[in-house]
Amino acid sequence: MNPKLLLQCFPVVLLTIAPVVGLVAVARSEVVVQQPVNQDQRINQLIQQLKSDDFKSRSAAADALGDMGESAKSAIPSLIPLLKDSDSWVRSSAAYVLGKMGESAKSTIPNLIPLLKDSDERVRQSAALGLGNMGESAKSAIPSLIPLLKDSDSGVRSLTASALGKMGESAIPSLIPLLKDSDSGVRSSTALGLGQMGESAKSAIPSLIPLLKDSDERVRQSAALALGNMGESAKSAIPNLIPLLKDSDRLVRSSAAATLGRMGESAKSAIPSLIPLTKDSDRLVRSLTASALGQMGESAIPSLIPLLKDSDSGVRSMTALGLGQMGESAKSTIPNLIPLLIPLLKDSDGDVRSSAALALGRMGESAKSAIPSLIPLLKDSDSGVRSLTVRTLGRMGKSAKSAIPNLIPLLKDSDSGVRQSTASTFGLMGESAKSAIPNLISLLKDSDSGVRQSAADALGDMGESAKSAIPSLIPLLKDSASWVRQSAASTLGNMGESAKSAIPDLIPLLKDSDGNVRQSAASALGKMGESAKSAIPSLIPLLNDSASWVRSSAAEALRKLGYQP
């Protein structure tokens, strides 16, 4: 399978398992997307490169445009000829790129459909992926996609199932008969495609249930995952899912456990059958069983307690998360859960400590008795643990104000994700964290744009008590990152008339290329009262802005400033 498409295929294959297993990783990651410099010029350069005599150069140019997504849609007319390029890599890259542009490239659907019959599997994969990304706009391709469910290449089959799954209910009548296809690969891919539609494909449930007894383990797994994606709508399948907990295949057992977990308390009749899996020889099965039990309510707690001491750190981590899920749904259980989670805050594994902190954070202020045990983690050697602990304290709001002296030093942490989380947490604490204002002001000059944004947002949450930050916020109105400009404008607006010195710098933002910045600037000016009347002539043109949210904010700002058409 084409490597660059592999990750796009994984969500289809995993469906239910991926969101559960990846929870800690997602929570710990801090991704900051940098905006391209001189993007229009770069796009024009790449368009010219698409005409190169060297196929590698053409392919590289197409890939680079794909990385820009919809912002490179002006290149679409230049990419279409490459769908007929003599080199299969170039055809594949062009189809892949048009797919990344989504509905912006829907005019190319007639050009992509012929590639579904290309002799190169990479091209067929890219064409299927591209059409899928165009969603229901590409439903005219359904008849051409269906034969690919029998393709000799597994990557083509999987991406075709995914594509059909994105085309909405109109694809369901064509898919259901394929659940009885003689080819197990087709049955499996079809089940996954239906699962991707979620509850909208619930009419397929009666046809999916028989596949739980299919002779092929991959089909059983796919059917279980598909039903899991349909949630409680598929609860009629519970009696048929329970036997799969004893399946000889570990992926089938884990998929059945995960699916029963997604059905929540409706599946609590499965608890006796899930308990033996807490001792399964496979760590994935134990982990997903812990997660499933955690979604089934208080009655599952006795089964989870032994897993907190499992020899596998992944199982301990998932068990902590499972207990955290339980705390969300039933506040009465929280006092019983906190003593179970606190010891994990000292676990030798960083992911376990993170999961315990995250679980306590989900309980919010109800878990405030854990604050003294959380504070030492602010000095943890693992930056991910520090960051998650900070966020957990933030979710406890003003109840965690005793931790403020311990949090302030983290505004200078070497890890930008920790600095960003800490700033956001002070914002959640509001005025009770005003002692952090001088340190937050310093962060407005941080080298990381995400940190600058979070610092500005936090100061905005503190309102007029942070008005000493105004001189430091004004320069951010010219920040190279649009999201920083937006936050700075919004924060100045929250300070009301106290920030009237920013008016001359806010007015130019009404012409900013980013609609969110224009909206924030308009809203901010509207909050500054009489002093901002000089902005009226610049606000009036926004009543005809291309973005509805900008028009709305401009109208509201003009109303507040006393403007009458």
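In this predicted model, R122 sits over the face of W89, 4.1 Å from the ring centre. Aromatic pairs are another story: with ring centres required to lie within 6.5 Å, the count comes out at zero.

Helix α5 (residues 55-68) and helix α7 (residues 88-100) pack with their axes 8 Å apart and at an angle of about 10 degrees. Angles under 35 degrees count as roughly parallel, so α5 and α7 are roughly parallel to each other. On the α5 side, the contact is made by F55, R58, S59, A62, D63, L65, G66 and D67, and on the α7 side by W89, V90, S93, A94, V97 and K100. Sorted by class, this α5 and α7 contact holds seven nonpolar, three polar and four charged residues.

The axes of helix α15 (residues 217-229) and helix α17 (residues 250-262) come within 8 Å and cross at roughly 10 degrees. These two helices are therefore roughly parallel to each other as well, and the crossing of α15 past α17 is left-handed. From α15, the residues that meet α17 are E217, R218, R220, Q221, A224, L225, L227, G228 and N229. Their partners in α17 are L251, V252, S255, A256, T259 and R262.

The remaining pair is α33 with α35. Helix α33 (residues 515-526) packs on helix α35 (residues 548-560) at an angle of about 15 degrees, and their axes are 8 Å apart. That angle makes α33 roughly parallel to α35. In α33, the contact draws on G515, N516, R518, Q519, A522 and G526, which meet W549, V550, S553, A554, A557 and K560 in α35. By class, five nonpolar, five polar and two charged residues make up the contact of α33 with α35.

Back at the ring itself, then, W89 of α7 takes part in the contact with α5 and has R122 over its face.

Notes:
Residues numbered from 1 in each chain as written. Predicted model: local features only at pLDDT ≥ 70, side-chain atom pairs only at ≥ 80, totals over all residues. Heavy atoms only, no water. Phe/Tyr/Trp six-rings, centres within 6.5 Å; stacked < 30°, edge-to-face > 60°. Lys NZ or Arg CZ within 6 Å of the ring centre and 35° of its normal. Axes fitted to C-alpha atoms, helices over the stretch in contact; angles between N-to-C directions. Helix = DSSP H or I, 4+ residues; strand = E, 2+ residues; numbered from the N terminus. Parallel < 35°, antiparallel > 145°, perpendicular 65-115°, else oblique. Left-handed = near helix turned anticlockwise from the far one by under 90°. Contact = heavy atoms within 4.5 Å. Nonpolar A, V, L, I, M, F, W, Y, C, P; charged D, E, K, R; others polar.
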